[in-house]
Amino acid sequence: MTTIKLHNTRTRTKESFVPIDPDNVRMYVCGPTVYDRAHLGNARPVVVFDVLYRLLRHVYGPDHVIYARNFTDVDDKINATALARKQAGADGTLEQLVQERSDETIGWYLHDMGALGALEPNAMPRATQYIAQMIAMIEDLIAKGHAYAAEGHVLFAVDSWREGYGKLSGRSVDDMIAGARVEVAPYKKNPMDFVLWKPSSDELPGWDSPWGRGRPGWHIECSAMAYELLGESFDIHGGGNDLMFPHHENEIAQSCCAHPEGEFARVWLHNEMLQVEGKKMSKSLGNFFTVHDLLEQGIPGEVIRFVFLQTHYRKPMDWTEKKARDAEATLRKWRALTAGIEPAASAAPAVIVALGDDLNTAGAIAELHRLAAEGDAAGLLASARIIGLLSDDMGAWVEAGAVDLSSYAERLAHARVAAMQSKDFAEVDRLKAAYIAAGLEVRMGKEGVELVPGTGFDAGKLADV
Ligand SMILES: [Zn+2]
C-alpha cells in the first residue's frame, strides 16, 4: 500500500500516516463562514484538502473515507445583511432572511469551489443544525469543571486544562496572555477564557438554552460537529494556519475536555496563506478579489487550480497573472495531447509517490510535464486526474476557444437587420435566448454582435440552434 507522509503541526514532524481504522478514514476541515462570496484565499484550503481527500480515496478506497467540512451560518455579518434586507422591505421574518442569506452564500460557495474541481465533502454540516449538540457539549464541560456560566455567557476555563492548552501552536498560557489581543471582560476568570455561549438580543437569531436565549461561540461549533460526525477520535483535522490559534487550540481544549477518553484529531494539517503579486490580499490595497471575479473574467477554474497546486501547501502561495497565463498554456497543450485518448489504467507511480510525500503537488506536476514530454498521453491523463486536472467536466473552457463563434454572431446580426425591416423580433429573441442558454454573453452594439463564452459555456448546446 502507498505510504502517505504528512506534516503534523502537533508534533512538528513529517509522520507516516496510519489511520485509526483504514476502512473508515476520517477528516475534518474548518469550512467558511457563509456571509459573502469566497475570496481567492478562502479557496486555497479547499483545493489543498481536496487533493488530500482524493489521495486518501485513491489509497483506501472511495467508500472508506469520510470528509466533513462545516458551514458556519451563525454570524453577525449574515445577520447584518438579513437585517438590511428586512429594512429595505424584503418579505419574510428576520430568521427566514438570515436563512435565505446563508442558503444563497452556500450555493455560491459550492458553485465556485466546484468550478475549481473540488469534490464535495461527504458531510457538509451547518452549525444551525447542531445547536442542541453544542448545548449538550457545553453542559458537559460545565459538569466536568472546564467551563462556567457568567452573565448569560458560558466560558471555557483555560486554567482547568493548563497541561494541554497551547500545545498545538506551541505557546504557554502565560505567553498567550502577554502577547494576545484578548477581550477583557469583567465576567472572565482568566482573560484567556473564551466564549462557548453568548446572549443574543431579541431582534437577532437565538436559541433557548439553560443560560438564556443566545447563540454558540464559533469554536464550539466545530468541536460539536466533528464529534457528531466523526467521533471522539479521528484521523486528520485541517485548515488554514491563520486558524491554528485561537480557533484550533480552542477546539482541542473543548473536545479533549468533553471527551477525555478520545484524542480528538491525531494529525493536524495547516496550509499557508495566499498572496497576490507578492502582496497580502486586502481590500485597502485594491488587490482583493473573489473566485467568482476570476471566473467572470474568463479565467477557467482549472487554471486557478493548476496555479494553486504548483506551490506546496505549507509555503505561501503567490497568485500572479503570469502564472495564470502560463498555466493556461500548459493545460491547453495537455488537453490537445490527450483529446480523444482513454486514460491509462492507473496513474504513474511517481505521481502517487510525490503526493504521498506530504502532498508534494509541485513534484506531481513535474511528473506530469515529464509524461507530456514523453508523449505518454494516456499516462498523463490518468495521473492528472488524481489531482483533479484534465477531467472531462472541467474541459469546456478549451472547447470554448476551439469553436468558431463568428458564424453564430453573424446569424444574429442578419436576423437583427431583417427584424428592423419587418418589425418582427421573434427570431432575434429566439437566437439570443439560445446563445445565453449555451453560456454565451451576447453583446449587441452598433458595430455588430459579439459572443463571449462564459465559464459555463457548452458548445454542444449550439448544435441545435
Ligand atoms: Zn473549526
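**Putting words to values**

Visitor: Why is Ser172 called partly exposed?
Guide: Its relative accessibility is 32%. Buried means under 20% relative accessible area, exposed means over 50%, and partly exposed is in between, using a 1.4 Å probe and protein chains only. So Ser172 counts as partly exposed. Ser172 sits in the loop between β6 (153-156) and α5 (173-179). By the way, this is a predicted model: local features need pLDDT of at least 70, side-chain atom pairs count only at pLDDT 80 or more, and totals for chains, interfaces and linings use all residues. Residues are numbered from 1 along each chain as its sequence is written, and side-chain values use heavy atoms, leaving out hydrogens and water.

Visitor: What makes Cys30 and Cys222 buried?
Guide: Cys30 has 11% relative accessibility, so it counts as buried. Cys222 has a relative accessible area of 1%, so that residue is buried too.

Visitor: How many disulfides does a search of the whole structure find?
Guide: The search finds 0 disulfides, a disulfide being a pair of cysteine sulfur atoms within 2.5 Å.

Visitor: Why are α9 and α10 called roughly perpendicular?
Guide: Helix α9 (residues 301-309) and helix α10 (residues 321-338) pack at about 110°. Under 35 degrees is roughly parallel, over 145 roughly antiparallel, 65 to 115 roughly perpendicular, and the rest oblique. Therefore α9 and α10 are roughly perpendicular to each other.

Visitor: Which residues of α9 make the contact?
Guide: On α9 they're Glu302, Val303, Phe306 and Val307, meeting α10 residues including Ala327 and Trp334; contact means heavy atoms within 4.5 Å.

How values were computed:
Axes fitted to C-alpha atoms, helices over the stretch in contact; angles between N-to-C directions. Helix = DSSP H or I, 4+ residues; strand = E, 2+ residues; numbered from the N terminus.
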